[in-house]
Amino acid sequence: SNEHLALLAKPEEWALVKNLGAFPETVQKSAETFDPSIIAIYALRTCQLYNKFYQECPILDQNQPELSSARLYLTEAARIVIKNAMDLSLIPYLEKM
């Protein structure tokens with residue numbers, strides 16, 4: 001749950017958090033400039049940041065269940081934002097591979 005988010009301390013975690021927080025501004029800028037590529041570029045950058053986070057930060061750790069919870073929460077937030085960005089860009093989104 002989000003009560004454990006204070007445990008997120010690695011640079012990869014915070015880079016992703018900051019990027020996710022910029023989604024509303026990104027959508028607004030895209031709408032104001034009539035440039036849908038802004039959202040597509042944002043989605044790509046978010047995927048890149050999530051990939052780096054996933055490589056550097058083990059999500060499940062039996063010894064740190066609270067940190068695992070925070071990382072799962074961050075993963076779900078990233079999934080939602082990426083899906084919304086792809087929906088706005090009319091890019092098909094796969095729920096599972």
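1. Does Cys57 count as buried or exposed, and at what relative accessibility? Cys57 counts as buried, at 0% relative accessibility. Here buried means under 20% relative accessible area, exposed means over 50%, and partly exposed is what lies in between, with a 1.4 Å probe and protein chains only. A word on the model before going further: it is predicted, local features need pLDDT of at least 70, side-chain atom pairs count only at pLDDT 80 or more, and totals for chains, interfaces and linings use all residues. Residues are numbered from 1 along each chain as its sequence is written, and side-chain values use heavy atoms, with hydrogens and water left out.

2. Let us stay with the cysteines. The structure holds 0 disulfides, a disulfide being a pair of cysteine sulfur atoms within 2.5 Å. Cys47 is in no disulfide, and its nearest cysteine sulfur, that of Cys57, is 17 Å away. Seen from Cys57, the sulfur of Cys47 is the closest cysteine sulfur, and 17 Å is too far for a bond.

3. Glu13 deserves a careful look. This residue lies in helix H1; helices (H or I, at least four residues) and strands (E, at least two) are DSSP runs, numbered from the N terminus. Glu13 is buried, with a relative accessible area of 1%. Setting aside neighbours within four places in sequence, Glu13 is in contact with Leu8, Phe53, Cys57, Leu67, Arg71 and Leu74, where contact means heavy atoms within 4.5 Å.

4. Which residue meets Glu13 in a salt bridge? The partner is Arg71, at 2.6 Å from N to O. A salt bridge here is a side-chain nitrogen of Lys or Arg within 4 Å of a carboxyl oxygen of Asp or Glu. Glu13 belongs to helix H1 and Arg71 to helix H4, so the pair ties together parts that are 58 residues apart in sequence. Arg71 counts as buried at 6% relative accessibility, and Glu13 is buried too, at 1%.

5. In total, the structure holds 3 salt bridges. One of them joins Arg79 and Glu76, whose closest N and O atoms are 2.9 Å apart. These two are 3 residues apart in helix H4, separated by about one helical turn. Arg79 is partly exposed, at 31%, and Glu76 is partly exposed, at 36%. Another salt bridge joins Asp87 and Lys83, again with 2.9 Å between the closest N and O atoms. Both lie in helix H4, 4 residues apart, about one turn of the helix. Asp87 is partly exposed at 36% relative accessibility, and Lys83 is partly exposed at 23%. An α-helix has 3.6 residues a turn, so residues three or four places apart point the same way.

6. Helix H4 (residues 65-88) also passes a simple length check. Its 24 residues should span 34 Å at 1.5 Å a residue, and its end C-alpha atoms are 35 Å apart, which agrees. The expected span is 1.5 Å times one less than the number of residues. Buried residues in H4 include Leu67, Ser68, Ser69, Ala70, Leu74, Val81 and Met86. What covers the buried residues of H4 includes helix H1 (11-21), helix H2 (23-33) and H3. After H4 comes Leu90, whose phi is positive, near 60°.

7. Finally, the aromatic rings. Rings of Phe, Tyr and Trp (its six-membered ring) pair if their centres lie within 6.5 Å; planes under 30 degrees apart count as stacked, over 60 as edge-to-face and the rest as tilted. By this rule there are 3 aromatic pairs. Among them is the tilted pair of Tyr50 and Phe53, with 5.4 Å centre to centre and 55° between the planes. Tyr50 and Phe53 are 3 residues apart in helix H3 (residues 37-56), about one helical turn. Tyr50 is buried at 18%, and Phe53 is buried at 0%. Ring pairs link Tyr50, Phe53 and Tyr54 into a cluster.
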